[in-house]
Amino acid sequence: MISGSGSPLLKLDSVGKTYASGSVEVHAVHQVSLSVMPGELVALMGPSGCGKSTLLSVSGGLLRPDSGTVTVGGVSLYDLAGARFHEHRRRSLGFVFQDFNLMRTLTAVENVMLVDELDGMPRKRARQRALAALRSVGLDDVAERYPGELSGGQQQRVAIARALTGSPRLVLADEPTGALDSANTRSVLGLLGEIVAAGGACLVATHDPEVAAAAHRVVQMLDGVLTEGRAAAVGEARR
Ligand SMILES: Nc1ncnc2c1ncn2[C@@H]1O[C@H](COP(=O)(O)OP(=O)(O)OP(=O)(O)O)[C@@H](O)[C@H]1O
Ligand SMILES: [Mg+2]
């Protein structure tokens, strides 16, 4: 196992995010510091509403924090401006959304191709990579279907394929197995395992004990604050 080697692929320093909801302020994330190292699969757990999705969104460049710094691949993400910000985000990390976030008017394969196409890759090659990614989640037979024609678990796997094309070094996944049966959960854990085995890192928000058991480390969140983690016993890690 290569956990702990090199510098963190994700580093959060005293990150805070407060939502204004009418006249009420919700401190969704409060002073969170966390490092995820190459070779590490970290499970982020905690009750509904404790701030997991907010923390992942802030980590992935989808939601600017009110305070603190987010460093992805050694670069302070929110200090980048304009095109460089988007490019760094696109190239450094893959994001699996809790609600899948697929474009309804694009087929499965077109959804997966989108990131590569935005990055300027020729359409034919982007399509080949997308089909390979769909194959890795067992979905090549539904590549030409629209999200509305897929089951929840199939949509979730399209979202996972999209996040994993291009083999990003950092994968941020929000409940990636919430809609999956145990066979597909194991296959997704296998894919995340390949990312970390290749020196990448994954931070996965989850309620799923199978995911927690496969993680090298579990961090607990409660009311926007990270509490103690549990270091997974060496034999407990899936690989
Ligand atoms: N856009 C928003 N505006 C206002 N409050 C929000 C917004 N998004 C989330 N919240 C609040 O912030 C807190 C954290 O929400 P978040 O979605 O991060 O929790 P979570 O841990 O991911 O929950 P779950 O396990 O249900 O997905 C909750 O109290 C939630 O109601
Ligand atoms: Mg959530």
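This is a predicted model: local features need pLDDT of at least 70, side-chain atom pairs count only at pLDDT 80 or more; totals for chains, interfaces and linings use all residues.
Because Ser53 belongs to helix α1 (residues 52–59) and Gln98 to the loop between β6 (93–96) and α3 (108–118), the pair ties together parts that are 45 residues apart in sequence; helices (H or I, at least four residues) and strands (E, at least two) are DSSP runs, numbered from the N terminus. Ser53, at 25% relative accessibility, counts as partly exposed, as does Gln98 at 43% (buried is under 20%, exposed over 50%, partly exposed in between; 1.4 Å probe, protein chains only).

Gln98 also places a polar side-chain atom 2.9 Å from an oxygen atom of ligand 1. Taken alone, ligand 1 exposes 640 Å², of which the protein buries 64% (Shrake-Rupley method, 1.4 Å probe). An N or O atom in the side chain of Ser48 is 2.6 Å from an oxygen atom of ligand 1, whereas Gly51 has a backbone N or O atom 3.0 Å from an oxygen atom of this ligand. Within the shell around ligand 1, α1 gives the most, with three residues.

Residues are numbered from 1 along each chain as its sequence is written, with chains lettered from A and ligands numbered from 1 in the order in which they are written. Local features need pLDDT of at least 70, side-chain atom pairs count only at pLDDT 80 or more, and totals for chains, interfaces and linings use all residues, while side-chain values use heavy atoms, with hydrogens and water left out.

Key. A polar contact is a pair of N or O atoms within 3.5 Å; within protein, one must be able to donate a hydrogen and the other to accept it, and residues adjacent in sequence count only if both atoms are side-chain atoms.
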